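Please look over the sequence and the model before reading on.

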Amino acid sequence: MNAQHPVTWTLSGFGDEIDADPTTQIAVLEALGASHIEVRSAWGTNVIDLDTEQSARLAAQLEQAGMGVSAIGSPIGKVDVALDAELEVARLARAIAVANTLGTTNIRIFSFFRGADVRVEDIRDDVLLRMRLLAELAEREGVVLLHENEKDIYGDVPERILDLVESVGSPALRLAWDNANFVQCGVAPFDDAYAMLRPYVDYLQVKDAVAESGQVVPAGEGDGQLRETLTALRDDGYTGFASLEPHLSETHALGGFSGPASFGVAARAFRRLTDELGIGLR
């Protein structure tokens, strides 16, 4: 580690980008030096649909391996804003139950899609209503919602993300930062968003993308300004999670997939950057 910047981050990753089976997920993450996992699905079942027995079995498997859980990668808010607000509140309650079983307080969420002919400005009030309901439940249950900047949701560009987090104004609503998703929205992540949003960023999701095509690539190989972002986080004293979400083989509505080999490519690309920048990973 660079003596001038003795910073260490905790390496995690989306296990289901490796394989559907948690046994393989854990083995690959361990081989890559990760101490934590981000749980989006297990055995092909989305995290909010895991039943009590499945959640307990997964928790036992992770505990036996000594693998912590950095966050629940939930799909909360990745639905049309026109749906009943209480539906997402109920889904969040299920996500919280799984989070409690798996021993994490972090739950990744989104800020709603809209119909093809609906202007983004016209959904603001409905989005804020729903996000406040979610944040209120999170506050009561002692968990933190990490809003991810996803393409085509309300909070996809910096100005609306800032509006969202400041308008809701809850300590239970923070931000998960994703450089690649910003690129896919035409945003230069470091230049356009970092200073504005950094006070609310509690979690780093690691992927990069090419601006011209939107294609997701390993960290440092795209236009996501990863080097500038990581340097700034290092200098700001960020000491949280860095969660690998490579999306190198396929991307779909609820996430993506890489497979063990491509996941390893992504992990090694990220580690090359952190090594160059004097950032330790554990």
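Which residues does Thr-229 touch, not counting residues up to four places away in sequence? In this predicted model, they are Trp-177, Asn-179, Phe-190, Tyr-194 and Gly-224.

- Thr-229 is a residue of helix 8.
- Its relative accessibility is 0%, so Thr-229 counts as buried, the cut-off being under 20%.

**Helix 8 against helix 9**

- Helix 8 spans residues 226–236 and helix 9 spans residues 259–276; the two pack with their axes 10 Å apart, at an angle of about 50°.
- Because of that angle, helix 8 is oblique to helix 9.
- The crossing of this pair, helix 8 and helix 9, is right-handed.
- Helix 8 makes the contact through Leu-226, Arg-227 and Leu-230, and helix 9 through Phe-270, Leu-273 and Glu-276.
- By class, the residues in the contact of helix 8 with helix 9 are four nonpolar and two charged, with no polar ones.

**Helix 1 against helix 2**

- Helix 1 (residues 22–31) packs with helix 2 (residues 52–65) at an angle of about 25°, and their axes lie 11 Å apart.
- Helix 1 is therefore roughly parallel to helix 2, since angles under 35 degrees fall in that class.
- Helix 1 and helix 2 cross with right-handed geometry.
- On the helix 1 side the contact consists of Pro-22, Thr-23, Ile-26 and Glu-30; on the helix 2 side it consists of Leu-58, Gln-61, Leu-62 and Ala-65.
- Five nonpolar, two polar and one charged residue make up the contact of helix 1 with helix 2.

- Helix 4 covers residues 124–141, 18 residues in total, and reaches 26 Å from its first C-alpha to its last.
- That span is close to the 26 Å expected for helix 4 at 1.5 Å a residue.
- The buried residues in helix 4 are Val-127, Leu-128, Arg-130, Met-131, Leu-134, Ala-135, Leu-137 and Ala-138.
- An α-helix has 3.6 residues a turn, so residues three or four places apart point the same way.
- The cover over the buried residues of helix 4 includes helix 3 (85–102), helix 5 (158–168), strand 6 (106–109), strand 7 (144–148) and strand 8 (173–178).

Key:
Residues numbered from 1 in each chain as written. Predicted model: local features only at pLDDT ≥ 70, side-chain atom pairs only at ≥ 80, totals over all residues. Heavy atoms only, no water. Axes fitted to C-alpha atoms, helices over the stretch in contact; angles between N-to-C directions. Helix = DSSP H or I, 4+ residues; strand = E, 2+ residues; numbered from the N terminus. Parallel < 35°, antiparallel > 145°, perpendicular 65-115°, else oblique. Left-handed = near helix turned anticlockwise from the far one by under 90°. Contact = heavy atoms within 4.5 Å. Nonpolar A, V, L, I, M, F, W, Y, C, P; charged D, E, K, R; others polar. Expected span 1.5 Å × (residues − 1). Buried < 20%, exposed > 50% of the residue type's maximum accessible area, 1.4 Å probe, protein only.
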